[in-house]
Amino acid sequence: MRRAGVKKRFLTINKNDDDEDERITFCYCERGSKDSHKPTLVFIHGFSSDKHTWLTVIKNIPHSFHCIAVDMPGHGETTGFSEEQVTADNLVDNLKLFLDELNLNESICLVGTSMGGSVVAMFAAKYPSYVKMICVLAPVPPGEEYETEMIQQIRSGTYNVLLPETHEQFYATADAMTTKKLYLRRLLANGYFKTRLPTLDHHKKILQLAFENDYPNLEQSYSQLKDFTCPSLIIWGRKDQLCAVEGAYYFSNLIPKSEVILFDDCGHLITNDKPKETAKSIVQFLKENHSSEEDSKTDTNS
C-alpha cells in the first residue's frame with residue numbers, strides 16, 4: 001500500500017438505526033482527496049479478489065487524481081453481508097450506498113475488472129447520473145455466444161478452475177489467467193492458500209448463486225447501456241481465456257460513446273499483465289474526454 005501511496009480506511013453504515021444486525025462496514029483504500037475539477041476514480045475488483053488488485057494500477061496514476069479502491073461485499077475486509085446478499089443487484093445498490101456516504105454521487109470515473117467490470121456496467125445502466133465516465137476491463141459478456149471453456153466449466157459446477165484448492169490447480173489457474181511467468185510460484189501459492197482457503201466455501205456459494213441467478217440475466221442487466229451517454233473505455237487482453245475477447249465488441253456496439261483498447265500478450269488479469277498500460281490508458285482517456293467537455297462548455301458560453 002505504501003508504494004501506491006494509499007491509506008486503508010473503514011466506513012461503517014447503519015442501514016437501519018434500530019437494528020445493529022443491519023450494520024455493514026466497507027473497507028477501502030484511498031489516495032488524495034475529492035477535487036471539483038477532476039472526477040474521482042473509484043476502482044471495483046473482480047470475483048474472489050479485493051482492493052489490492054488495483055494497487056499496481058493506482059501507483060502508476062498521477063497523484064493529482066483522487067483514487068479509491070473498495071472491497072466489495074463478500075470480499076476482502078468488507079463485512080456485514082451474507083452470500084445471499086452478494087447478488088448483482090445488491091452489489092450495485094450497495095456500491096451506491098457506499099458512494100452516497102462518501103458524497104461521491106456525481107462526476108466519478110468508475111473502473112471495474114472482470115466481475116467488477118460487470119458491476120460497473122450495471123451501475124452505469126441503473127444510476128447514470130453518478131458517473132462521468134466508466135472503464136471496464138474484461139467484464140463478463142452475456143450468453144453462450146461468448147462462453148469460453150472456463151466459463152462452461154464454472155457453469156457446470158467445476159469451480160476449482162477459478163477457485164483452486166491444490167498447488168497444481170493454482171498453477172493451472174495462474175497459467176490460464178495471466179501471461180506473466182510466475183516467479184517463486186510455490187511461495188505465491190502458499191500465500192494464496194493462507195488467505196483464500198478460509199473463504200473458499202464462502203466464495204463457492206457466491207459463485208454458485210451468481211451463475212444460477214445473475215449470469216442468465218446479464219443481457220437484460222446490460223440493456224440500458226444503449227442509452228448511456230457518458231464516455232466509456234473498454235479494455236481487454238487478446239489472450240483472455242475466461243472472458244472471450246469478442247466480448248469487447250459486444251460492449252462497444254451496445255454503448256454509444258465507447259472506445260476499445262486490446263492489449264497484446266495479456267490474459268484476463270489485466271491489472272497483473274498490463275498495470276502501467278492500464279493506468280496510462282485510463283488517464284489518457286480521462287484527459288481527452290475532459291478536454292472535449294471543456295471545449296464544449298467554452299463553445300456553449302461563447
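Mentor: Buried means under 20% relative accessible area, and exposed means over 50%. Keep in mind that this is a predicted model.

Trainee: OK, so Ser232, buried or exposed?

Mentor: Ser232 has a relative accessible area of 1%. The cut-off for buried is under 20%, so Ser232 is buried.

Trainee: Where is Ser232 found, and what does it touch?

Mentor: Ser232 is in strand β7, residues 232-237. Leaving out residues up to four places away in sequence, Ser232 touches Ile134, Ile255, Lys257, Ser258, Glu259 and Phe285.

Trainee: What is the strand order in the sheet?

Mentor: The order is β1-β2-β4-β3-β5-β6-β7-β8, an open sheet of eight strands with mixed pairing. At the edges stand β1 (7-14) and β8 (258-263); each has a single partner strand, so one side of each lacks a neighbour in the sheet. On average, neighbouring strands are turned by 20° against each other, direction ignored.

Trainee: In which sense do β5 and β6 pair?

Mentor: Parallel, over six bridges, with β5 covering residues 108-113 and β6 covering residues 131-137. Ile108 stands opposite Val131 in β6.

Trainee: Which strands do α2 and α3 lie across?

Mentor: Helix α2 (residues 88-101) lies across β1, β2, β3, β4 and β5, at about 65° to β2. Helix α3 (residues 115-126) lies across β3, β5 and β6, at about 145° to β5.

Trainee: Switching to aromatics. How many pairs are there?

Mentor: The count comes to 17 aromatic pairs. Take Phe26 and Phe98: their ring centres are 5.1 Å apart and their planes are at 50°, so the pair is tilted. Phe26 lies in strand β2 and Phe98 in helix α2, so the pair ties together parts 72 residues apart in sequence.

Trainee: Last one, α6. Which of its residues are buried?

Mentor: Ala189, Tyr192 and Phe193. They cover an arc of only 95° around the axis, which puts them on the same side of α6. What covers them includes α5 (167-177). The face turned away from the buried side carries the exposed residues Leu187, Lys194 and Thr195.

Trainee: What span should α6 have?

Mentor: At 1.5 Å a residue, the twelve residues 185-196 should span 16 Å, and the end C-alpha atoms are 16 Å apart, which agrees.

Definitions and conventions
Residues are numbered from 1 along each chain as its sequence is written. This is a predicted model: local features need pLDDT of at least 70, side-chain atom pairs count only at pLDDT 80 or more; totals for chains, interfaces and linings use all residues. Side-chain values use heavy atoms; hydrogens and water are left out. Helices (H or I, at least four residues) and strands (E, at least two) are DSSP runs, numbered from the N terminus. The expected span of a helix is 1.5 Å times one less than its number of residues. Buried means under 20% relative accessible area, exposed over 50%, partly exposed in between (1.4 Å probe, protein chains only). The arc is that of the directions from the helix axis to the C-beta atoms. Contact means heavy atoms within 4.5 Å. Two strands pair if DSSP finds at least two bridges between them. Axes are lines fitted to C-alpha atoms, for helices over the stretch in contact, and angles run from 0 to 180 degrees between N-to-C directions. Rings of Phe, Tyr and Trp (its six-membered ring) pair if their centres lie within 6.5 Å; planes under 30 degrees apart count as stacked, over 60 as edge-to-face and the rest as tilted.
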